[in-house]
Every structure is written in C-alpha cells, then in structure tokens.
Amino acid sequence: MIRPKLSLQRPLAILGAALIGLTGAVAVAAPASAHHTTISATAECDRLSGERVITWKVENSERDKAVTLKQVTATPSTDVTVPVEGAKAVPLQGSVIPKAGTITAVQRVPGDTANAKLTVFGKWKKNGKEATNDGSINLAADGSCAPTPKCVDVNKAKYSHTFDGPKGTATVKLDGDLPLCGEGKQWFTLVSYFAPRPQFATPQYVYGTPDSNWIGGTQTEIKLNVEIPDCHTQVDLIWGGKDEVIGELVDGGKRYDNKKLGSPGAPGNRSKGPQGWYNGGDKSCVTPASTFASNCDGSVAVSLSNDGKISKYAVEFEVKGENGFSKKVSVAAGKADSSIVVPAANAGKIEVLVDGKVIEKGTYSWQRPEDCPLPAVTTKADCKDFALTVTNPEGGLPVKAAFTYGGKTENRAVAAGASETVTFKAGKAETALVALPELDLEMEAVYTPEGNCGGGGAGGEEPGLPVTGAAAGGIAAGAIALLIAGAVLFVIARRRRVTFTA
C-alpha cells in the first residue's frame, strides 16, 4: 500500500502531555546489498504512562523504486505502527516506502526497557531485489522513565509551615500541586503550656484546649490557634493529633523531640519553616496574695494564698517584720496558709515577699482593732487624797498613762491585765486628767470626796460645827448619797474632755 509522506504532527500531539526524555543513539546495520533500508530511532518518556515512546525512521535507499516492508520484527515485541493524520494508525508491516522516501513508525515499550531493536524485510521487486535490515537504540542511557504520580503518598508528603509562638498561631500547607493519595490524612497540633520560667523548665501543664487539624483530600492547608496563658509559657507545633499531646512535661518524662515542626530530624523535618516551639512570657504562673489581721495584743496574723486562674506552681513566701523577724512558707497552687503570726514587737512594719520582691499589697503595719476593750479609769477620793487608777484588760497591749492633777503629772506604764494607781494630795482643783496617748484618748475625772470635808469645799478646809435636828438629818442623808456615789462615772472620748460629777 502506497502512502504519502507522513507528517510528525500526530505523534507529537500524542506525546504532548509527556515529559521529554533524552534521545538515544541508533546503530544501523550495514546493507547486505545495493538495495537496503536505513533504520534510525529516537525515544521519549511518557510521564503520564511511564512508557518509552520510540520513533523509528525507515529510509528507502533506492531513488527509482518503492520498497514494500513484507515483515517487521520488534524487540521488545510490541506494536509498531504508522500514524495517519485524521485516521487510525496502521501497522508498519505491509507499508510501502516511496522511492528515496522515509516512513516513520511509533513503538511503545515499558519504561524500564534497556534496549530496543527493529528488523525489517523489504522487497523492491516481486522476484528480484530484497533485503533484511535492522536498527537498535540504547534506552538505558536516558535514565529512569517512571510515570508522574497523580497524588502523593501520605508517608512521603512534604509540608511548609508558619509559626508565631507569642500569638499562639500557626499554619501548615502541603507542598506541591498533588493532593494526598486516597483517604490519607496527616494531623498537626498546636498546644500551649504553663511554664515555671520563660526558658525551658519543668514541670509544665497544658493550658486550655490544644488546636488540632488535618491535611488530606482537597484540604491542603490548615490554620491553628491556641490561647496563651498570661504568664510564662511554652508553645509547640507538633506532628500528629491530640493523642500526641503530652499533658504534663515533667523532669525525666516524655518530650516531643523531632515531632516538633522545623526539627532537624524526622518527622518534623518534613515541614519547612521556622522552629515550631517557643518559650517566653514575663509573669510568673502563680497568684501570690496576702491579707493581714491586727490583734488586740499588737500581733498581726498574716494569711497567704496562691489561688487564681494562673496558679499552677507552689509559691515560696517570706514574711518579714521589724527587729529581724523573718519566716518562710511554701503555699501550693490553689491553697492558702494562715499559720504566720508576727509578734507585736515586730509588727511595726510587715512585708510579704516572693522571689525577693514585695508582692502587690504586701506591706502592712499593726492597727488597733476597733473591737479591742479600752482601759478603764476609776477614782477614789477623800478629804486628804485623790486617787486615780487605770486598769488595762487582759489580751491587750501595755499602755502608757499620764495622770495630771493640781498642776502635777505622773506617768505610768500599765501592763495588760494589770492596774496602776496614782494618788495626789487633795487640793482646790475640782478635776483631774488621765491621758492615754497611744490610744489618742483623754479622760477628765471630777474630784468628789467621800463624806463632808467642811464648808462644801475641796482640799482640806476645816469641817464646820456638827449639825443636829432636822438639819442634821438632811446632812446625814446627803452624806449617805455622796457615799453611794463614791464611784465616779467616766465617759471616754477621743481628743475631748468629759467632766464627771457626782
């Protein structure tokens, strides 16, 4: 069958989607006679199918006679066909090459074929000229010819990521244009921790809920976001789902190691990007607090607590007072301690410290409680003496008292549970003053002697003549009334004087 000179457009169209391989060299057998065919070949790699595509060229040596290819033998034994534009390809065997013409045929062989050979038997006349010629091509020199994958295996996939530890955000993206094969999924997780220091240290505890998501199918990129504690923290972007999260990072315990994205080893090194871990924060993950309660005896009870949203670690408190007082106590997370009492001698100024620094609202000085009983002041008077007594209740502080009468002042220190009395010689002054400066109190007492000191005056005047009869009875009644009222009534007031009269 005689065909017109063939076009190469059809073979090139068929291979348009393939990646181009290297062209192999062809070895041409020497002609057995003057009539012969010359066979050469080139090869390409079809990356879609993974096959070698060999293009054979068979040239007729005769300028005045056509040759019919009566027999074609190919090694490997696959079809060798001649493309026909607009029609189905025809076999090379049986084709006619015009005089001095060339025919092009295509053969597909497996991608791992090392060598290919084509042998043709040509006949120029029915009972005359004929020749068998062959050609070959070395395919091994072109390298591998494997099909281009349509997806990437989940165990071989590569990724890229971003990571912002202080903000608790990250993204992970599948590299390349191919999705993961089949139902394959790869999980990634972002997790934040409470940490004892802004550098890596243990123990650490998961804060909030880790964010976990997967890449697979049409989902080729994910965003992760976690809440960061308002204190020292660690944030990790890890390979795997929530089942990979370590709830507590403890001394000698499990670590993420190369599971963190951006690590030097597998699997973390299968994702390109910054190191997927962060340590920082400028506050301690504790909530130290103190409260104070003054006691009537001058001591102060100090209550220490470590209870708050970010309290995850024990706090070492130190309570300092005046005159060298110091006491340390450790309070566990979520707990309180009220065992410290600062004695009165040390309670002038109290400080509560953590890590050598006074905590917020951690300074205090003793203040007298409003419900503490006040000292009592009593008097006893006759015509010669005026006695003033201060009695200090038990359980309180010693108090200083100043007794003033008739221009004279006596000072006394009155211990708790004790009394102090000052006796003045009775004079013309009708009142005495008792001052308790530490309590900011002043009390005024009226001199009201028992009995009749004569003339109704105070201070040693001579008594008058005895009174008898009805007058004597009245005087006696008055004397009895004065005797009954011998105890002086007192009214206590701050910075003001109150006069007591019988």
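A disulfide is a covalent bond between the sulfur atoms of two cysteines; here a pair of cysteine sulfur atoms is counted as one if the two lie within 2.5 Å. The model examined is a predicted one, and 5 disulfides are found in it. With the bonded cysteines counted along the chain, these links follow the pattern 1-2, 3-4, 5-6, 7-8, 9-10.

In the disulfide formed by Cys383 and Cys453, the sulfur atoms are 1.7 Å apart. The link of Cys383 and Cys453 is left-handed, with -95 degrees about the S-S bond. Cys383 is located in the loop between strand S27 (376-381) and strand S28 (385-391), while Cys453 belongs to the loop between strand S33 (441-446) and helix H2 (469-484), so the pair ties together parts that are 70 residues apart in sequence. The two ends are classed as follows. Cys383 has a relative accessibility of 25% and therefore counts as partly exposed, whereas Cys453, at 7%, counts as buried. The cut-off behind this classification is that buried means under 20% relative accessible area.

A further disulfide joins Cys151 to Cys181, with a distance of 1.9 Å between the sulfur atoms. The torsion about the S-S bond of this pair is about 100 degrees, and the disulfide is therefore right-handed. Distant parts of the chain are linked in this way: Cys151 lies in the loop between strand S10 (130-138) and strand S11 (159-164), and Cys181 in the loop between strand S12 (169-174) and S13, 30 residues apart. Cys151 counts as partly exposed because its relative accessibility is 28%. Cys181 also counts as partly exposed, at 26% relative accessibility.

Cys231 and Cys285 form another disulfide, in which the sulfur atoms are 2.0 Å apart. With 90 degrees about the S-S bond, the link of Cys231 and Cys285 is right-handed. This pair, too, connects distant parts of the chain, as Cys231 is placed in the loop between strand S15 (221-225) and S16 and Cys285 in the loop between S19 and strand S20 (288-294), 54 residues apart. Cys231 is buried, its relative accessible area being 3%, and Cys285 is buried as well, with a value of 1%.

Strands of a sheet pair through backbone hydrogen bonds, either parallel or antiparallel. Within this sheet, strand S13 (residues 186-194) and strand S16 (residues 233-239) pair in the antiparallel sense over 7 bridges. Ser192 is positioned opposite Val235 in S16.

Gln107 is part of strand S8 (residues 102-110). The relative accessibility of Gln107 is 0%, so this residue counts as buried. A polar contact of 2.8 Å is made between the side chain of Gln107 and the side chain of Trp56. When residues up to four places away in sequence are not counted, Gln107 touches Arg52, Val53, Ile54, Trp56, Ala74, Pro76, Thr78, Asp79 and Val80.

Definitions and conventions. Residues are numbered from 1 along each chain as its sequence is written. This is a predicted model: local features need pLDDT of at least 70, side-chain atom pairs count only at pLDDT 80 or more; totals for chains, interfaces and linings use all residues. Side-chain values use heavy atoms; hydrogens and water are left out. Two strands pair if DSSP finds at least two bridges between them. Helices (H or I, at least four residues) and strands (E, at least two) are DSSP runs, numbered from the N terminus. Buried means under 20% relative accessible area, exposed over 50%, partly exposed in between (1.4 Å probe, protein chains only). A polar contact is a pair of N or O atoms within 3.5 Å; within protein, one must be able to donate a hydrogen and the other to accept it, and residues adjacent in sequence count only if both atoms are side-chain atoms. Contact means heavy atoms within 4.5 Å.
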